[in-house]
Amino acid sequence: MIEKPSFASVIANRGFLNLWVNQILVQLSFNALNFALIVWVFKLTDSNFAVSALLFSIYLPGVILGLFTGVLVDIIDRRKIIMMIDFCLSALFFSLIFFKGSFPAILLITFLINALGQFYAPAEASAIPMVVRRSQLLTANSIFSVTLYSCFLLGFGLAGPLINHLGMNFLFGLGGVVLAVAFLLSLAFPSIKSAS
């Protein structure tokens with residue numbers, strides 16, 4: 001009799017656990033940042049048009065890069081992609097501390113962050129079948145889906161109180177630190193590459 005995969009058995013898979021923790025850290029930071037930037041840009045510019053421009057810079061990378069990211073992810077080691085994205089996102093979060101007074105810089109950094117995000121999601125999703133057994137795939141994908149939406153809610157929900165009580169610089173810095181931790185954890189990933 002084949003044992004049905006459980007949450008615990010999937011989490012016990014070290015490769016999956018590494019990916020899952022990385023997803024939590026990245027998605028929490030990413031969603032908290034998007035909320036924080038909307039608040040900050042309106043405070044900085046007092047302009048609805050500026051907020052619209054910010055949202056444009058958030059969603060434009062998906063339109064431009066969405067068709068090509070899957071192809072690149074298929075030919076490059078997912079571990080290297082995730083490591084590079086974690087590192088670059090951390091640096092970009094920290095850079096917001098210094099450039100938060102410049103609206104054009106915010107737009108550029110936001111565009112770059114969301115462009116990196118276009119590569120992160122397919123790299124992570126396509127890595128799942130490579131680190132779990134086929135019988136665990138449905139459970140693993142379900143965990144990732146629930147985590148994605150949970151981090152969306154938590155990221156947006158936590159950003160407001162953090163901004164109110166600790167300030168915008170703290171939020172940017174915390175995101176940078178969390179992503180640096182994600183990068184360090186990704187160093188322990190095994191190679192996650194499609195078979196030739």
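Thr147 is buried in this predicted model, because its relative accessible area is 7%, under the 20% cut-off for burial. This residue sits in helix α7. Apart from neighbours within four places in sequence, Thr147 is in contact with Trp20, Gln23 and Ile24.

**Helix α7**

- Helix α7 covers residues 137-166, and at 1.5 Å a residue its 30 residues should span 44 Å, which agrees with the 40 Å between its end C-alpha atoms.
- An α-helix has 3.6 residues a turn, so residues three or four places apart point the same way.

**The largest pocket**

- If you are thinking about volumes, the largest pocket comes to about 640 Å³.
- Its lining is made up of 27 residues, and those nearest the centre of the pocket are Gln27, Phe30, Asn31, Ala121 and Leu148.
- At least two lining residues come from each of α2, α3, α6 and α7.
- Helix α6 makes the biggest contribution to this lining, with eight residues.

**The loop between α2 and α3**

- Asp46 is found in the loop between α2 and α3.
- Its relative accessibility is 61%, so Asp46 counts as exposed, the cut-off being over 50%.
- Most residues other than glycine have a negative phi.
- Asp46 is not a glycine, yet its phi is positive, at about 55°.

**Helix α3**

- At the start of α3, a side-chain oxygen of Ser47 comes within 3.2 Å of the backbone nitrogen of Phe49.
- The helix runs over residues 48-65, and its 18 residues should span 26 Å at 1.5 Å a residue, in agreement with the 26 Å between its end C-alpha atoms.
- There is a kink of about 35° at Tyr59, shortly before the proline Pro61.
- Pro61 is itself buried, as are Ala50, Val51, Ala53, Leu54, Ser57 and Ile58 of α3.
- These buried residues of α3 pack against α2 (14-45) and α6 (103-131).

Terms used. Residues numbered from 1 in each chain as written. Predicted model: local features only at pLDDT ≥ 70, side-chain atom pairs only at ≥ 80, totals over all residues. Heavy atoms only, no water. Helix = DSSP H or I, 4+ residues; strand = E, 2+ residues; numbered from the N terminus. Expected span 1.5 Å × (residues − 1). Bend = angle between axes of the 7 residues up to and from the residue. Buried < 20%, exposed > 50% of the residue type's maximum accessible area, 1.4 Å probe, protein only. Contact = heavy atoms within 4.5 Å. Polar contact = N/O pair within 3.5 Å; in protein donor to acceptor, adjacent residues only side chain to side chain. 1 Å grid on protein atoms, 1.4 Å probe; cavity = no way out; pocket = protein on both sides within 12 Å on 5 of 7 lines; lining within 4 Å. Points joined across faces, edges and corners; volume = space filled by probe spheres on them.
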